[in-house]
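Thanks, everyone, for making the time this morning. I would like to walk you through one model, with the cut-offs spelled out as they come up, so please look at the display first.

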Amino acid sequence: MKLRKIAISTVAVLALVGCGSDNQETKADKIERATQKVDKNLLTDLQKKALNAGFQALPSSKAEQLKLADNPNNPITEAKVELGKKLYFDPRLSKSNLISCNTCHNLAIGGVDIVPAAIGHGWTENPHHLNSPTVYNAVFADKQFWDGRAKDLEEQAQGPIQAPPEMNAPKELVVSKLKSIPEYVEEFKKVFNSEITFENATQAIAAFERTLVTPSRFDKFLQGDNTALTDKEKKGLEVFIDKGCASCHTGIALGGTMQPFPAIKKYKYNDVGDFKGDKNSMVKTPTLRNILETAPYFHNGAMTDIKEAVNVMTETQLGIELKKEETENIVEFFKSLTGEKPKITYPILPAMPLNN
Ligand code: HEC
Ligand code: HEC
């Protein structure tokens with residue numbers, strides 16, 4: 001008889017979203033607690049090996065996912081997420097009234113823009129030739145941006161609105177435009193009990209982004225469902241662990257930590273753009289969740305072929321070469337990381353008053 005799902009033990013179900021009672025708990029503790037619900041005795045060797053390699057499953061219930069993604073300093077509420085969604089899609093947050101967060105992090109196409117370097121205000125390409133990372137599951141990264149310069153999504157969201165090559169809108173302009181729209185004035189009052197400020201706007205956007213998590217078959221596998229992965233995917237997972245990929249691409253995001261890049265051998269597309277990591281040459285490890293939907297790859301978007309990306313990684317980070325079949329196996333494993341996207345209803349945005 002096949003063991004399906006019964007390996008998930010019935011540890012107490014966590015409280016609902018937004019109670020904020022665990023301010024003392026670190027992010028790592030929180031993830032540890034929410035993802036430790038598996039009875040290890042019922043797992044296959046490969047499932048045990050994957051858990052030992054540090055992978056963590058996204059919890060299967062929506063409430064628990066959101067609890068994990070929540071920020072006690074900016075608690076998720078339904079009304080805040082709804083406002084944040086509007087702002088995420090509202091191009092009036094940009095100087096030109098043409099560019100929204102969704103322009104470069106398009107939720108219909110993997111949370112990215114599918115161009116090598118982001119294109120923003122006045123058709124300007126990112127000055128460092130940087131690729132737009134996905135916003136799906138970004139909440140699970142330790143830091144935000146390729147050089148990790150923002151500590152969380154709240155801080156991150158302040159950047160692109162103001163950045164001249166992106167949305168090019170100074171804080172004051174954003175606030176005055178939003179204040180000219182009566183429905184927004186009311187909605188901010190309802191959500192924040194205050195007038196519109198730039199910080200409130202970015203907090204609402206971040207709360208919305210915290211809901212962008214995508215559970216996949218790999219989570220089911222880690223939770224005990226051995227049939228969730230095909231045999232080929234299992235083979236790929238094994239290669240991924242055995243070769244050392246999981247030393248960086250692990251945890252709940254299969255990434256998200258700052259790591260040396262290139263660690264061992266030169267990066268062959270080093271000259272595309274001038275990005276060299278943070279001051280210690282460390283680069284934020286991208287999440288591999290939905291990796292088959294987020295090409296082009298690497299900070300400078302230098303590759304569109306996932307097999308090439310895997311081979312470049314093996315060379316730069318591990319200093320080894322994979323057999324053709326091993327590369328193919330890893331790519332096969334990546335299929336299991338394509339997650340279910342939250343259902344997002346495209347918002348109807350409040351109109352600007354006619355006499356404005
Ligand atoms: C012109 C395209 C563009 C627009 C518009 C844009 N972004 Fe980005 N976004 C980027 C690029 C490029 C990066 C990486 C920049 C860097 O690392 O310096 C990025 C990084 C991010 C990250 C960090 C992800 C990670 O894995 O490190 C998040 C989150 C994000 N953007 C959210 C937003 C939000 C929210 C908005 C709207 C307020 C927005 N972006 C608008 C292009 C864009
Ligand atoms: C030492 C840490 C480390 C190891 C080991 C490692 N990676 Fe990476 N990986 C990174 C970092 C950092 C980046 C981002 C590099 C950049 O774009 O500058 C990355 C990028 C990637 C990307 C591109 C992601 C994207 O969205 O652009 C893929 C795919 C990938 N790694 C797969 C692998 C595979 C497969 C292995 C094993 C063969 C591996 N990695 C081993 C740290 C690591």
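Let me begin with a convention: a residue is called buried if 20 or more other C-beta atoms lie within 10 Å of its own, exposed if 12 or fewer, and partly exposed in between, with the C-beta atoms placed from the backbone. What you see is a predicted model, in which local features need pLDDT of at least 70 and side-chain atom pairs count only at pLDDT 80 or more, whereas totals for chains, interfaces and linings use all residues. Residues are numbered from 1 along each chain as its sequence is written, while chains are lettered from A and ligands numbered from 1 in the order in which they are written.

By that burial convention, N329 counts as buried because it has 22 C-beta neighbours inside 10 Å. N329 lies in helix α13, where helices (H or I, at least four residues) and strands (E, at least two) are DSSP runs numbered from the N terminus. Leaving out residues up to four places away in sequence, N329 touches K232, K235, G236 and V239, a contact being a pair of residues whose C-beta atoms, placed from the backbone, lie within 7 Å. N329 and E238 are 91 residues apart in sequence, yet their C-alpha atoms are 8.9 Å apart in space.

Now the chain as a whole. It has 13 helices and four strands, and 44% of its 356 residues count as buried. The C-alpha atoms fill a box of roughly 70 × 50 × 35 Å along the principal axes. For 356 residues, a compact globule would have a radius of gyration near 21 Å, and the chain agrees with that, at 21 Å; the radius is taken over C-alpha atoms, and the globule rule is 2.2 Å times the number of residues to the power 0.38. Among contacts between residues at least 6 apart in sequence, 75% join residues at least 24 apart.

Let me turn to the ligands. Around ligand 1 there are 26 residues, of which C101, C104, G120, P133 and P160 are the closest, a residue being near a molecule or strand if its C-beta atom, placed from the backbone, lies within 6 Å of it. Helices α5 (101–104) and α6 (153–162) each supply at least two residues of this shell, and α6 gives the most, with five. By class, the shell around ligand 1 has 17 nonpolar, seven polar and two charged residues, where Ala, Val, Leu, Ile, Met, Phe, Trp, Tyr, Cys and Pro count as nonpolar, Asp, Glu, Lys and Arg as charged, and the others, Gly among them, as polar.

Which residues come nearest to ligand 2? Of the 24 around it, they are C245, C248, Y297, F298 and M313. Helix α12 (residues 306–318) gives the most to the shell around ligand 2, with six residues, and by class that shell has 14 nonpolar, nine polar and one charged residues.

Next, a helix pair. The axes of α4 (residues 78–89) and α9 (residues 198–209) come within 7 Å and cross at roughly 100°; axes here are lines fitted to C-alpha atoms, for helices over the stretch in contact, and angles run from 0 to 180 degrees between N-to-C directions. That makes α4 roughly perpendicular to α9, a label for angles of 65 to 115 degrees, with under 35 being roughly parallel, over 145 roughly antiparallel and the rest oblique. The residues of this contact divide into nine nonpolar, one polar and two charged.

L337 counts as buried, with 22 C-beta neighbours inside 10 Å, and its contacts beyond four places in sequence include F218 and L254. F218 is in helix α10 (residues 217–222) and is likewise buried, with 26 C-beta neighbours inside 10 Å.

Finally, the backbone geometry. Most residues other than glycine have a negative phi, and most peptide bonds are trans. Phi of L254 is near 50°, a positive value in a residue other than glycine, and S281, not a glycine either, has a positive phi of about 60°. Is each of these buried or exposed? L254 is buried, with 25 C-beta neighbours inside 10 Å, whereas S281 is exposed, with 12 other C-beta atoms within 10 Å. The peptide bond from F261 to P262 is cis, with omega near -10°, and the bond from A295 to P296 is cis with omega near -5°.

Methods: Contact = placed C-beta atoms within 7 Å.
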